Amino acid sequence: KDSMGMDMMPVYETEGSMLELSEHARAMASVETVAVRRRKLSREIRVVGKVQYDETGLAEITTRVEGYVERLFVDYTGVEVKRGDRLVEIYSPDFIVAQQELLTGLNVSSTSSLVDSSARKLLRWGVTQKQIDELTRSRKIQERLTLFSPIKGTVTEKMVVEQSAVNPGDVLYRLVNLESVWVYLDI
């Protein structure tokens with residue numbers, strides 16, 4: 001019995017258990033027979049879609065200090081950059097003052113809270129730890145803040161020109177890693 005309580009009938013494979021159609025019946029039923037064989041299936045499908053950036057590979061380069069753009073290392077869109085490449089140099093009086101605070105703190109005591117807070121401020125402004133270590137070693141103030149690329153990618157937007165004023169939060173560049181993209185298809 002099946003799950004509904006009905007009697008089940010056994011079926012045995014026999015020679016005559018196949019459905020056979022005459023030539024005329026096959027033509028009327030539009031039945032075509034071919035030998036079974038293994039092969040790859042492929043079919044061309046034409047669809048409309050969009051290629052989009054992979055959102056995990058996007059980066060916006062913003063300035064965190066007030067200042068003036070002195071030099072652009074990337075001066076047009078389409079430029080491919082590597083992680084750590086220089087993008088722009090910004091002259092900022094605030095940047096110079098923060099470096100001076102760090103050096104003053106080092107002159108007073110190498111463990112003072114002024115040293116820690118000045119170093120944290122510089123890190124928040126996009127200065128690398130390597131640049132801070134160089135400043136503490138050489139005791140030479142850098143006049144320009146250099147911003148570096150955080151990713152390997154292509155510059156898709158450039159919103160900055162040389163000699164322009166910048167404020168904290170201004171977007172200077174948009175970078176996209178194009179090694180991987182998303183394709184949205186309407187099927």
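**Exercise 1. Find which residues of helix 3 meet which residues of helix 4, and classify the contact.**

Step 1. From helix 3, Ala-119, Leu-122 and Leu-123 meet Gln-129, Ile-132 and Leu-135 of helix 4. Contact here means heavy atoms within 4.5 Å. Helices are DSSP runs of H or I with at least four residues, strands are runs of E with at least two, and both are numbered from the N terminus.

Step 2. Sort the residues of this contact: 5 nonpolar, 1 polar and no charged. Ala, Val, Leu, Ile, Met, Phe, Trp, Tyr, Cys and Pro count as nonpolar, Asp, Glu, Lys and Arg as charged, and the others, Gly among them, as polar.

The model is predicted: local features need pLDDT of at least 70, side-chain atom pairs count only at pLDDT 80 or more, and totals for chains, interfaces and linings use all residues. Residues are numbered from 1 along each chain as its sequence is written, and side-chain values use heavy atoms, with hydrogens and water left out.

**Exercise 2. Describe how helix 3 (residues 113-124) crosses helix 4.**

Step 1. Their axes come within 10 Å and cross at roughly 140 degrees. Axes are lines fitted to C-alpha atoms, for helices over the stretch in contact; angles run from 0 to 180 degrees between N-to-C directions.

Step 2. Helix 3 and helix 4 are therefore oblique. Under 35 degrees counts as roughly parallel, over 145 as roughly antiparallel, 65 to 115 as roughly perpendicular, and the rest as oblique.

Step 3. The crossing is right-handed. That is, the near helix is turned clockwise from the far one by less than a right angle.

**Exercise 3. Describe the packing of helix 2 (residues 93-108) on helix 4 (residues 129-138).**

Step 1. The angle is about 50 degrees, and the axes lie 10 Å apart. Helix 2 passes helix 4 in a right-handed crossing.

Step 2. Helix 2 supplies Gln-99, Leu-102, Leu-103 and Leu-106; helix 4 supplies Ile-132, Leu-135 and Thr-136. These residues divide into 5 nonpolar, 2 polar and no charged.
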